[in-house]
Amino acid sequence: MSEADTILTGSNIVKTYPQKDGEGALTVLDDVSLSIARGSIVSVIGASGSGKSTLLHVLGGLDKPDSGTVSWNDHNIYTMDDESLAEFRNTQLGFVFQFHHLLPEFTAIENIMMPALISGTDFSKAKTRASELMEQFGIPARAEHRPTQLSGGEQQRVAMARALMNNPKLILADEPTGNLDEENTDILLDMLFKLRELENVSILLITHEKDIAKRSDVIYQLSKGNLHPF
Ligand SMILES: Nc1ncnc2c1ncn2[C@@H]1O[C@H](COP(=O)(O)OP(=O)(O)OP(=O)(O)O)[C@@H](O)[C@H]1O
C-alpha cells in the first residue's frame, strides 16, 4: 500500500501499563503495526482484555505509546503539542464509544453541534449540519431532548452524529453497539457501515463479535500483544 492510499499507519507500537503490585509492567501492545487504507473499513477483534481499546486510544491520539509511531498522512501525530493534537482529534477523527458520553445538561442537537462550536464553526452553519445529521440518523424529532430523555439506541445515534459533525476522515468506533439490544445493534451497524458512502469516511471498528467484524473489508485479531490478519 502506498502512503497516498493510507490514511493512518501505526508502526511498531509498544504500550505497557505499570502494575499495581509493582511486578514490572504489563505489555498490552508488543510491536503492533497496522495501516488503514483510505476509504476502508477495518475491524479489530480480540478477547476481553486483549488490548483493543488501548490500540484504538493509541491510534486515535488519546494515549501515547511507549515506542513506535502513529502517522497521519505521513506525519507522526505524537510530535504535535497537546493543543495541536486535540485540534487534530476534533477535526480529523470521530470517536464513538460503547457508552455515549453525551453531556447531560445539553440537548441532543447541542451535543451534536459541540465539536463544531469548539473548533470555531459559525453557530448557524453548525446547526444546519447537525440538523442534517439528525435527519440522516432518523432522529430529527429528538433534537430538543436531553440525553436522559432518549432511548439507548437514540443516544448512540446522537453520539455517532456528534462524531461526524466536523466531517472527519476517520471514525474510530470502540464497541459502539456493546450496550444495545439486537434490534438497535442492527440499526446502528447499518448506519455505521453506510457512512463510507454517505460521509466519505474510513472506519476502524473495535468489536469482540466476529459476526460484526465480518462486515468490514479487513479483519485483524489482537492476541497476546500481537496483531494478525484474521
Ligand atoms: N490505564 C490502565 N492502567 C493499567 N492497566 C490498564 C489500563 N488500561 C487498560 N489496562 C489493562 O490493559 C489490558 C488491555 O485493556 P483494554 O481495555 O485495552 O482491553 P480490551 O481488549 O479493549 O478489553 P474489553 O474487550 O474488555 O474492553 C487489560 O489487562 C487492562 O486491565
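Predicted model: local features only at pLDDT ≥ 70, side-chain atom pairs only at ≥ 80, totals over all residues.

Visitor: Why are α3 and α5 called roughly parallel?

Guide: The axes of α3 (residues 108–118) and α5 (residues 152–164) cross at roughly 30°. Angles under 35 degrees count as roughly parallel, so α3 and α5 get that label.

Visitor: What makes residues of α3 and α5 meet?

Guide: Two residues are in contact if their C-beta atoms, placed from the backbone, lie within 7 Å. By that test, A108, N111, I112, M114 and P115 in α3 meet V158, A161 and R162 in α5. That contact divides into six nonpolar residues, one polar and one charged; Ala, Val, Leu, Ile, Met, Phe, Trp, Tyr, Cys and Pro count as nonpolar, Asp, Glu, Lys and Arg as charged, and the others, Gly among them, as polar.

Visitor: Which residues surround the ligand?

Guide: They are Y17, L26, V28, G46, S48, G49, S50, G51, K52, S53, T54 and H208. A residue is near a molecule if its C-beta atom, placed from the backbone, lies within 6 Å of it. The shell divides into three nonpolar, eight polar and one charged.

Visitor: Which helix or strand gives the most to that shell?

Guide: α1 does, with three residues. Both β2 (25–37) and α1 (52–59) supply at least two. Helices (H or I, at least four residues) and strands (E, at least two) are DSSP runs, numbered from the N terminus.

How values were computed. Residues numbered from 1 in each chain as written. Axes fitted to C-alpha atoms, helices over the stretch in contact; angles between N-to-C directions. Parallel < 35°, antiparallel > 145°, perpendicular 65-115°, else oblique.
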